Amino acid sequence: MKLLNTGHNLNKKPGTIAVKIGFFTASIIMIYAISFCSGGSKKGGDFDVSLCKSGKITVWGESPVFTSKAASRDKAKEDACRIAVQKCIGEEISAISNVSDGQSIGNEIFAQAKGICRNDQIVEEKEYMLDTVKMLRVFVRFQVDPAALQNRIDTMQKLVGNPKVIILIREEYNLPRGGKRVEGFTSRNGMVSASLREYLVSKGYTVVDPKDAARGLNEAQVAGNADNIPDKIKDKAMKAGADVLIVGKIEANPQKIEVEAFKRSGLKSFKATGNLSILSLWGAGRVLGEYNQHNNGAQTTDLAAAQAAMKRYALGSDKSKPAGAASFIHRKLSTEWAEQTRNNVIQMKIRGLPVKDAGTFRDDLQERTNVRQINEISSSTNEVVWEVVYPGRSFALADSIAFYGNNPKMFFVVRDTGKNINVTEVKRGLIRVQFK
């Protein structure tokens with residue numbers, strides 16, 4: 001999915017319009033009237049407010065003109081559409097979900113939501129000079145289907161609400177008779193994995209199929225090394241579509257029954273022990289939490305007792321009130337995820353930019369994109385390295401930089417140096433930028 005950014009210096013906090021997912025079509029139209037009609041007038045284009053009430057959005061977009069004016073016009077219209085997506089979907093979802101904010105959500109969903117901008121009509125077109133660069137400004141009216149928009153909002157809210165989770169758990173059953181039984185990462189018979197999947201889905205999470213992420217892994221090594229998961233595994237999990245990785249190994253071992261009454265009953269007793277790590281797949285892969293408790297289980301056979309211990313490890317002993325690893329994971333994600341999405345740390349490596357101009361680029365990112373903070377890690381004539389705090393994934397920020405990389409109004413460093421900004425690499429937690 002190609003992700004694009006509005007690139008405009010809009011409010012950094014979520015919108016204050018209190019709107020619920022099930023609002024009526026009339027409310028949607030009023031949002032347009034507030035967000036776009038007033039914004040258009042402020043930018044110098046008087047128009048009939050009733051157009052907004054009839055399902056039409058009118059908004060400005062801009063682009064530099066270097067060669068083809070037609071190509072610049074298309075890019076300006078796309079700029080306008082991105083603003084529309086951010087205002088009428090991103091900010092509403094942000095207010096509803098309390099995750100991230102309108103602009104970064106708009107970045108994430110633009111490729112899927114840009115279909116709302118249809119039947120575009122240029123109402124007004126202007127050219128002006130920005131220093132030595134000719135700029136094209138277009139006032140575009142888009143026809144919007146309110147029902148289609150409501151459907152988009154419903155879909156996007158689900159996408160950005162809870163993180164998408166992938167579960168890689170190795171379960172080892174050490175049975176006195178029959179030896180060791182292993183349920184690997186992709187097994188559908190693992191008690192802990194199945195219990196966590198069912199519980200998380202019931203809480204509104206999307207659980208991603210682990211098949212692609214687990215392909216080619218040494219499960220025993222990965223599961224037993226939860227504190228030092230290799231980057232390649234995190235990358236595979238993110239490529240599979242996950243935001244969070246739950247990984248670990250649990251063992252079920254027989255234990256001696258000390259209570260005489262249990263001895264006479266013929267019950268078997270097992271203890272489930274192990275460690276589960278919750279890792280964010282945004283940025284460098286911060287550990288959000290670790291669970292390393294143990295639980296007992298008893299049944300009439302070894303396997304049944306071992307499975308009972310595993311299930312208690314996952315859900316606790318009270319059937320009416322799930323606890324155990326499942327409850328711990330849900331609590332951690334509930335408290336940590338919103339913070340993670342607001343303050344994702346991305347490393348940015350910049351080449352081809354004179355050190356004296358690095359401050360300009362830094363100001364550009366913080367003032368005209370949604371970057372919140374920049375910490376310098378190192379600086380030399382060859383490369384500048386920053387840690388950038390951004391409320392979204394590295395792919396969204398990278399596409400914003402790539403799209404506006406030749407726009408001197410967006411990036412003053414382009415105007416001052418005469419160089420365009422090129423994104424040469426983007427992956428989880430890293431963006432490489434080259435000035436040319």
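I began with a term: a strand is a DSSP run of E, at least two residues long, numbered from the N terminus. I then noted that the model is predicted.

**Entry 1. Strand β11 and I350**

I looked up I350 and found it in strand β11, which spans residues 344–351. Is I350 buried or exposed? Its relative accessible area is 1%. Buried means under 20%, so I recorded I350 as buried.

I next asked which residues I350 is in contact with, leaving aside its neighbours within four places in sequence. The list holds F361, N382, E383, V384, W386, V433 and F435. I also checked Q434 against I350: the two are 84 residues apart in sequence, yet their C-alpha atoms are 5.9 Å apart in space.

**Entry 2. The whole protein**

I turned to the totals. The protein has 15 helices and 15 strands. Of its 436 residues, 51% are buried. I noted an accessible surface of about 19,500 Å², with 47% of that area belonging to carbon and sulfur atoms. I then took the contacts between residues at least 6 apart in sequence, and found that 69% of them join residues at least 24 apart.

**Entry 3. Helix α9**

I examined helix α9, residues 231–239, and listed its buried residues as I233, K234, A237 and M238. Where do these buried residues fall when α9 is seen down its axis? They lie within an arc of 135°, so they line one face of the helix. I set a general point beside this: an α-helix has 3.6 residues a turn, so residues three or four places apart point the same way. On the other side of α9, I found K232 and K239 exposed.

I then asked what the buried residues of α9 pack against. The partners are strands β4 (165–175), β7 (244–254) and β8 (268–280), together with helices α7 (211–214), α8 and α14 (394–403). After α9 comes G241, for which I noted a positive phi, near 110°.

**Entry 4. Two partners of α9**

I followed up α14, one of the elements against which the buried residues of α9 pack. In α14, 7 of the 10 residues are buried, so this helix is largely enclosed by the rest of the structure. I wrote down the buried residues of α14: S394, A396, L397, A398, S400, I401 and F403.

I followed up α8 as well, and looked at E219, which is placed in this helix (residues 219–223). E219 has a relative accessible area of 18% and is buried. Which backbone atom lies 3.1 Å from a polar atom of the side chain of E219? I found that it is the backbone nitrogen of F185.

**Entry 5. Helix α11**

I listed the buried residues of α11 as D302, A305, A306, A309, M310, Y313, A314 and L315. Just after α11, G316 takes a positive phi of about 85°.

**Entry 6. Salt bridges**

How many salt bridges does a search of the whole structure find? The search gives 29. As background, side chains of opposite charge can pair when their charged atoms come close.

K69 lies in helix α3 (residues 69–97) and E127 in strand β2 (residues 118–130), so the pair ties together parts that are 58 residues apart in sequence. I noted both as partly exposed, K69 at 35% relative accessible area and E127 at 38%. Both also belong to a network of salt bridges that links K69, R73, E125, E127 and K134.

I then took the pair E251 and K249, whose side chains meet in a salt bridge at 3.8 Å, N to O. E251 is partly exposed at 24%, and K249 is partly exposed at 25%.

My last pair was D416 and R415, with a salt bridge of 3.0 Å, N to O, between their side chains. D416 counts as partly exposed at 44% relative accessibility, and R415 is partly exposed at 33%.

Key: Residues numbered from 1 in each chain as written. Predicted model: local features only at pLDDT ≥ 70, side-chain atom pairs only at ≥ 80, totals over all residues. Heavy atoms only, no water. Helix = DSSP H or I, 4+ residues; strand = E, 2+ residues; numbered from the N terminus. Buried < 20%, exposed > 50% of the residue type's maximum accessible area, 1.4 Å probe, protein only. Polar contact = N/O pair within 3.5 Å; in protein donor to acceptor, adjacent residues only side chain to side chain. Salt bridge = Lys/Arg side-chain N within 4 Å of Asp/Glu carboxyl O. Contact = heavy atoms within 4.5 Å. Areas by Shrake-Rupley, 256 points an atom, 1.4 Å probe, with all protein chains shown as cover. Arc of directions from axis to C-beta.
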